[in-house]
Amino acid sequence: MTRIDLHCHSTASDGTLTPAELVRAGAEAGLDVMAITDHDTTGGWEAAAAARPEGLTLVRGAELSCRWHGAEPPIALHMLAYLFDPAEPRLAGDLARLRTDREQRAEKIVNRLAADGVPITWDEVRGYAAGGSVGRPHIAQALIRAGLVRTTTEAFHSQWLGARYFVPKADLDVFEAVRAVRAAGGVTVFAHPRATVRGRVVPDRLIVELAEAGLFGLEADHEDHTPEERAHVRALAERLGLVVTGSSDFHGTHKTVRLGAFLTAPSAYEKIVSAATGVPVLG
């Protein structure tokens, strides 16, 4: 059976493995196909491609920070974008703005923590990002080092990064994101769309509208979906003619989930590859 994992993160955003380490770990985990989908960046593409082991097919992508403004307050959501042209001006500009905001947001959080006497520094947090896009998991690493929390999950509780030291971030309008990825020759898959464990989720009517706007698929099999939520996503995808994916959403030691914990069917993967015109798969 072909093993395909289409949602994996490296140190280019908030994973703990470098892009080179990520692709090697994918091969060691028995994957035949894996995607690098760092948050709002293609910064890991080149290193992952250069280190790609023989026999592993690499799908280049990103996970876009989006927001739906049809609710009050608006609902944040993530859109996986695959095989788009990173040089397409509109999308490249959008990603650059998101990365700048992500870094400014992280620095604001660190400053708030430091003002309350928490012994972490911006230089330390940037060091954990190893040249990649700085995010809250890197601040969590600093909190763990300081002995204030034991795990990344604990760092995201309300007394820390979840509420007390929460700073909102900029996001793309979800319809604009779908259109921008299409214009760059890529395809979009809605990441963990029914993960109520993460907070509010969007109504099915939004997914219907997104499908009409060009959304290509829904991620059903994910660690944050219950069996009932997975079934709901699959039924909705079938009704709308969308592909269904399954992925680990691997972040290294920031999460307990392992590479290949959830997989995408070869037929869905082939549809994604056939529909994309931005960049080819490598392998």
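UniProt annotations may be inferred rather than shown by experiment, and that caveat goes for the one picked up here. The record, an unreviewed entry, puts the feature "domain: Polymerase/histidinol phosphatase N-terminal" at residues 4-68. In this predicted model, that stretch comes out as 26% helix and 37% strand, with its end C-alpha atoms 29 Å apart.

Further along, helix α3 (residues 89-115) packs against helix α5 (residues 136-145), the axes sitting 9 Å apart at an angle of about 25 degrees. Angles under 35 degrees count as roughly parallel, so α3 runs roughly parallel to α5. The crossing of the pair is right-handed. On the α3 side, R105, A106, I109, V110 and L113 do the touching, and they meet R136, I139 and L143 of α5. Sorted by type, the residues of this contact are six nonpolar and two charged, with no polar ones.

A few spots in the backbone are worth a look. Most residues other than glycine have a negative phi, and most peptide bonds are trans. The bond joining E72 and P73 is cis, with omega at about -5 degrees; P73 itself belongs to the loop between β3 (57-68) and β4 (75-82).

Then there are two residues with positive phi. H192, not a glycine, has a phi of about 30 degrees and lies in the loop between β6 (187-190) and α9 (204-213). Its relative accessibility is 8%, so H192 counts as buried. D249, also a residue other than glycine, shows a positive phi near 55 degrees. Its place is the loop between β8 (243-246) and α11 (266-275), and with a relative accessible area of 2%, D249 is buried too.

Methods. Residues are numbered from 1 along each chain as its sequence is written. This is a predicted model: local features need pLDDT of at least 70, side-chain atom pairs count only at pLDDT 80 or more; totals for chains, interfaces and linings use all residues. Side-chain values use heavy atoms; hydrogens and water are left out. Axes are lines fitted to C-alpha atoms, for helices over the stretch in contact, and angles run from 0 to 180 degrees between N-to-C directions. Helices (H or I, at least four residues) and strands (E, at least two) are DSSP runs, numbered from the N terminus. Angles under 35 degrees count as roughly parallel, over 145 as roughly antiparallel, 65 to 115 as roughly perpendicular and the rest as oblique. A crossing is left-handed if the near helix is turned anticlockwise from the far one by less than a right angle, and right-handed if clockwise. Contact means heavy atoms within 4.5 Å. Ala, Val, Leu, Ile, Met, Phe, Trp, Tyr, Cys and Pro count as nonpolar, Asp, Glu, Lys and Arg as charged, and the others, Gly among them, as polar. Buried means under 20% relative accessible area, exposed over 50%, partly exposed in between (1.4 Å probe, protein chains only).
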